[in-house]
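Please keep the sequence and the structure in view while reading.

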Amino acid sequence: MRQNNDKRRWSTIKEQLNSHRRATIVLTSDKGVVYHIRTSGVSEPVHKEIYRLLGVSDPLKRIKTIATHL
């Protein structure tokens with residue numbers, strides 16, 4: 001961040017990114033297949049700016065995994 005002339009403290013960056021949340025949704029089909037879907041909230045402008053300065057292109061993209069049968 002400092003290389004990009006950003007003077008924020010680490011504690012400030014952590015506080016600003018703290019509102020960008022991730023959630024896991026667990027669903028079970030009628031056939032007993034368990035699905036885990038990880039998704040995140042929409043990035044706010046401050047989040048996008050921090051990710052841009054860090055060179056992070058898609059920090060929290062949606063992930064879908066299929067677990068075992070029940």
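The model described here is predicted. Asp 6 is placed in the segment that precedes α1. A salt bridge joins Asp 6 to Arg 8, with 2.5 Å between the closest N and O atoms. The two side chains also make a polar contact, Asp 6 with Arg 8, at 2.5 Å. When neighbours within four places in sequence are left aside, Asp 6 is in contact with Met 1 and Leu 53.

Asn 5 likewise lies in the segment before α1. Asn 5 is exposed, with a relative accessible area of 62%. Most residues other than glycine have a negative phi. Asn 5 is not a glycine, yet its phi is positive, about 60°.

## Confidence in the model

The protein chain has a mean pLDDT of 85, and 87% of its residues reach 70 or more. Among the elements of the chain, α1 has the highest mean pLDDT, 94, while strand β3, residues 63–69, has the lowest, 71.

## The two sides of helix α2

Which residues of helix α2 are buried? In this helix, which spans residues 45–54, they are His 47, Ile 50, Tyr 51 and Leu 53. These residues lie on the same side of α2 because they cover an arc of only 160° around the axis. The cover over the buried residues of α2 includes α1, residues 10–17. On the other side of α2, the exposed residues are Pro 45, Lys 48 and Arg 52. After α2 comes Gly 55, which has a positive phi near 75°.

The largest nonpolar core has 6 residues in all: Met 1, Ile 13, Leu 17, Ile 50, Tyr 51 and Leu 53. Both α1 and α2 supply at least two residues each to this core. The greatest contribution comes from α2, with 3 residues.

## Salt bridges

Side chains of opposite charge can pair when their charged atoms come close. How many salt bridges are there in this model? The count comes to 2 salt bridges, and the table gives their partners.

| Salt bridge | Closest N and O atoms |
|---|---|
| Asp 6 with Arg 8 | 2.5 Å |
| Arg 52 with Glu 49 | 2.9 Å |

Arg 52 and Glu 49 are 3 residues apart in helix α2, so about one helical turn separates them. An α-helix has 3.6 residues a turn, so residues three or four places apart point the same way. Arg 52 counts as exposed, at 54% relative accessibility, whereas Glu 49 counts as partly exposed, at 31% relative accessibility.

## Ser 40 in strand β2

Ser 40 belongs to strand β2, which covers residues 33–40. With a relative accessibility of 24%, Ser 40 counts as partly exposed. Ser 40 and Arg 21 are 19 residues apart along the chain, and their C-alpha atoms are separated by 5.7 Å.

Key
Residues numbered from 1 in each chain as written. Predicted model: local features only at pLDDT ≥ 70, side-chain atom pairs only at ≥ 80, totals over all residues. Heavy atoms only, no water. Buried < 20%, exposed > 50% of the residue type's maximum accessible area, 1.4 Å probe, protein only. Helix = DSSP H or I, 4+ residues; strand = E, 2+ residues; numbered from the N terminus. Arc of directions from axis to C-beta. Contact = heavy atoms within 4.5 Å. Polar contact = N/O pair within 3.5 Å; in protein donor to acceptor, adjacent residues only side chain to side chain. Core = buried A, V, L, I, M, F, W, Y, C linked by side-chain atoms within 4.5 Å. pLDDT = per-residue confidence, 0-100. Salt bridge = Lys/Arg side-chain N within 4 Å of Asp/Glu carboxyl O.
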